[in-house]
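Let us walk through a protein fold, step by step. Keep the sequence and the 3D view side by side as you read.

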Amino acid sequence: MEGLMLDATVQTKAVPRMQRSRGAARAGFDGARLIGLHQSGSAKAILPRVPGAAEVVFLNTSGGLTSGDRLSYETDLANGARLVATTQAAERAYRAEDARAEVTVHHRVGSGSHLDWLPQETILFDHSKLVRETTIELAADASCLMLEAVVLGRIAMGERVRELQFFDSRRIERAGNPVFFEPFALDSNILAKGARGAILGEARAFATMVLCAQGAEDATEAARTVLDEPGVEGAASGFDGKCVIRLLAREGWPMRRQILRLMETLRRGQSAPRVWQI
């Protein structure tokens, strides 16, 4: 009996504790001057030299997101600062066996300042679990251009996404009052019930762009004139200091080309960040 108990004890193996990724990066600007930079864990903030402009490129060195990972990006702009913030590559949410990955994005845009928040696509893989919250706080006379683009799997690899949990919240406030709020949820139950046809149709990629500024609704017609990429459905509406554009596509590559043309139009001829350029 003692021998049997010893054997059982020897054969019992502890379940390995999975390593989780943590990262936080922040950058602050006062006018054209960098006044603060912090980065920890897997999150990095790169400051490329761009003539006549300030730019921050955020990077997740862990290579992707899975169960229990935590990532945050922040910027603070003051005194007329103008900043382009983007990501070094598409963010990938991989299979998650238990807890969800979480991403928090928080931008504070002070008086007279402007932010272009132009992250590259988020790719959701089968069985991924991701919760993301994006908040942009604008001063009364500040402005921003916000982009969120999502692709369901790698179409070129023949991947199909059948199970996932994706909860995405996008919020823009002006002087403490919400001016744009869009919660979005897509999970396995929705896909299983066939509601995908009502939400996305045959699309495997979708995006939202929001220009929030005084007179932003005047950009609506200009945006509509470039909504002509083959394989992409798009619509633009303008109201109350906002221009909102929504895109649907069967795959990510044509949607990316459409986004690049919209960037140039909404940014009045300025080229896309270098990491975006084809």
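In which sense do β12 and strand β15 pair, and over how many bridges? β12 and β15 (residues 205–212) pair in the antiparallel sense, over eight bridges. Two strands count as paired if DSSP finds at least two bridges between them. Strands are DSSP runs of E with at least two residues, numbered from the N terminus.

First, some ground rules. This is a predicted model: local features need pLDDT of at least 70, side-chain atom pairs count only at pLDDT 80 or more, and totals for chains, interfaces and linings use all residues. Residues are numbered from 1 along each chain as its sequence is written, and side-chain values use heavy atoms, with hydrogens and water left out.

How confident is the predictor? pLDDT is its confidence in each residue, from 0 to 100. The protein chain averages 89, and 88% of the residues score at least 70. Where pLDDT is low, the predicted coordinates should not be read in detail.

Back to β12, residues 143–152. Ten of its ten residues are buried, that is, under 20% relative accessible area with a 1.4 Å probe, protein chains only. In a regular strand the side chains alternate between the two faces of the sheet. On one side of β12 sit S143, L145, L147, A149 and V151, and on the other C144, M146, E148, V150 and L152; all are buried. L147 has M209 in β15 as its bridge partner. Strand β9 (residues 114–118) runs parallel to β12, joined by four bridges. There, H114 stands opposite S143. Strand β10 (residues 122–124) is also parallel to β12, with three bridges.

Now find the open sheet. Seven strands form it, in the order β2-β1-β5-β8-β11-β13-β14, with mixed pairing. Its edge strands, β2 (33–41) and β14 (177–187), each pair on one side only. β13 (residues 164–174) and β14 pair in the antiparallel sense over ten bridges. R171 stands opposite F181 in β14.

Finally, look inside. A nonpolar core is a set of buried Ala, Val, Leu, Ile, Met, Phe, Trp, Tyr and Cys residues joined through side-chain atoms within 4.5 Å. The largest has 43 residues; L115, W117, I136 and I172 touch the most other members. Apart from it lies another core, of 32 residues, including A149 and W276.

Note on methods: pLDDT is the predictor's confidence in each residue, from 0 to 100. Buried means under 20% relative accessible area, exposed over 50%, partly exposed in between (1.4 Å probe, protein chains only).
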